[in-house]
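Me: I am new to reading structures like this one. Could you walk me through a few features, step by step?

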Amino acid sequence: MLSRDDCQKMDALDPLAALRNDFVLPDGLIYLDGNSLGPRPRAALARATQVVDQEWGRGLVSSWNDAGWHRLSTHLGDKIAPLIGAGAGEVVVTDTTSINLFKVLAAALQLQTERGSNARVILSETSNFPSDLYMAEGLSDLLDRGYTLKLVDHPDEIANAMTTDVAVMMITQVNYKSGYMHDIAALTKLAHDNGALTIWDLAHSAGAVPVDLKGAQADFAIGCTYKYLNGGPGAPAFVWVSPQLLPLVRQPLTGWWSHAKPFAMKPGYEASRGIEQFLCGTQPIVSLSLVECGLESFAKTSMNALREKSLALTDLFFACAQERCAHHPVKLVTPLNHKHRGSHVSFEHENGYEVIRALADRGVIGDYREPKIMRFGLTPLYTTFTEVWDAVDILTDILDRESWRDARYAERNAVT
């Protein structure tokens with residue numbers, strides 16, 4: 001049976017422990033919500049001051065050239081590329097995850113049509129992040145070509161649902177609710193064998209688990225930078241397209257920043273030949289600049305080392321919860337199998353929202369997702385083993401005392 005002293009010893013031996021110093025984390029707070037919003041990198045404040053005061057305030061428009069603003073999207077993309085198994089010049093950071101999904105889904109459907117495919121199904125999961133499903137529904141309506149969205153309720157149902165009428169399989173690698181992690185290589189092969197293209201949402205993967213897009217022969221991928229990549233609230237997202245497909249596709253949001261020669265100012269559109277064609281309008285330089293601060297920590301370690309600690313943290317959370325909370329109606333929904341586990345742990349409780357609110361009052365920050373899901377992000381860059389122990393201790397006390405029943409916890413915040 002583990003003790004808190006054992007957890008402190010694990011922290012003392014943790015080879016990644018020093019990375020916690022890269023982030024600003026308030027004293028007395030156990031932050032287990034990096035799967036929703038990563039904490040501020042310590043370097044971000046100085047970087048924001050530099051961009052606003054010097055580059056914008058003094059350099060003004062010359063900073064597009066002198067400070068490298070014009071190439072910031074590709075510069076950051078090159079820093080993300082090794083984390084997702086992509087190559088240099090294959091990733092851009094731009095727009096939002098939803099907008100990037102719209103771009104790649106439109107490009108994938110158009111490519112299928114040009115190949116002569118009559119497939120009209122977009123395959124996804126009922127529990128996929130709602131915005132992804134909304135974008136697929138909206139694009140299907142816009143195109144008005146008979147596309148339908150087919151949803152499966154469980155990962156095991158994907159194989160049977162993958163029929164030759166599927167044009168695109170659109171899956172989030174690590175499910176935002178359950179933490180279930182799909183096998184990108186296996187499902188990509190399944191899709192290709194049936195004539196479908198794949199789009200992978202890496203929002204809960206990038207910076208949390210090793211990803212090898214090129215090794216898996218994936219087609220398209222998108223993801224955000226404000227969760228495990230710690231880019232800041234609402235920071236720009238990223239997009240990747242297989243180098244084999246890039247010359248064959250075009251995206252519909254043909255803004256001037258994706259033009260081959262944007263400053264030629266010609267009326268006719270000519271797409272950039274590289275991944276830059278998936279840009280759109282003028283880039284948000286201040287928010288883009290802060291993304292780099294969140295990526296700096298990854299240069300000090302490896303995704304394999306982060307994955308090893310992530311699994312150790314989630315294993316510890318499972319063990320502690322099983323030992324201390326088993327007598328409560330708390331159901332684990334995250335897989336025990338390492339192969340199918342991301343870096344957050346989810347439990348189901350009938351009053352999960354109230355429990356999460358009560359935890360916040362006790363200094364433990366997780367989050368809630370409908371229906372009944374309590375999520376706890378265990379981020380190896382800064383989460384400690386002792387914090388996991390203490391978080392479960394506080395959770396147990398709240399459940400034992402039923403302090404979550406306090407009437408104020410039932411009042412819903414706008415953001416949960």
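Me: Let me start with a residue: is Arg362 buried, exposed or partly exposed?
Reply: Buried means under 20% relative accessible area, exposed over 50%, and partly exposed in between (1.4 Å probe, protein chains only). Arg362 has a relative accessible area of 41%, so Arg362 is partly exposed. Keep in mind that this is a predicted model, where local features need pLDDT of at least 70, side-chain atom pairs count only at pLDDT 80 or more, and totals for chains, interfaces and linings use all residues. Residues are numbered from 1 along each chain as its sequence is written, and side-chain values use heavy atoms, with hydrogens and water left out.

Me: Which side chain does Arg362 meet in a salt bridge?
Reply: A salt bridge is a side-chain nitrogen of Lys or Arg within 4 Å of a carboxyl oxygen of Asp or Glu. Here the partner of Arg362 is Asp397, at 3.0 Å from N to O.

Me: How many salt bridges does the structure hold?
Reply: There are 22. One of them joins Lys214 and Glu90 at 2.8 Å, N to O. Glu90 is buried at 10% relative accessible area, while Lys214 is partly exposed at 41%.

Me: And how do I read the sheet?
Reply: Strands of a sheet pair through backbone hydrogen bonds, either parallel or antiparallel. Strands are DSSP runs (E, at least two residues), numbered from the N terminus, and two of them pair if DSSP finds at least two bridges between them. In this model, seven strands form an open, mixed sheet in the order S4-S10-S9-S8-S7-S5-S6. S4 and S6 each have a single partner strand, so one side of each is left without a neighbour in the sheet.

How values were computed:
Helices (H or I, at least four residues) and strands (E, at least two) are DSSP runs, numbered from the N terminus.
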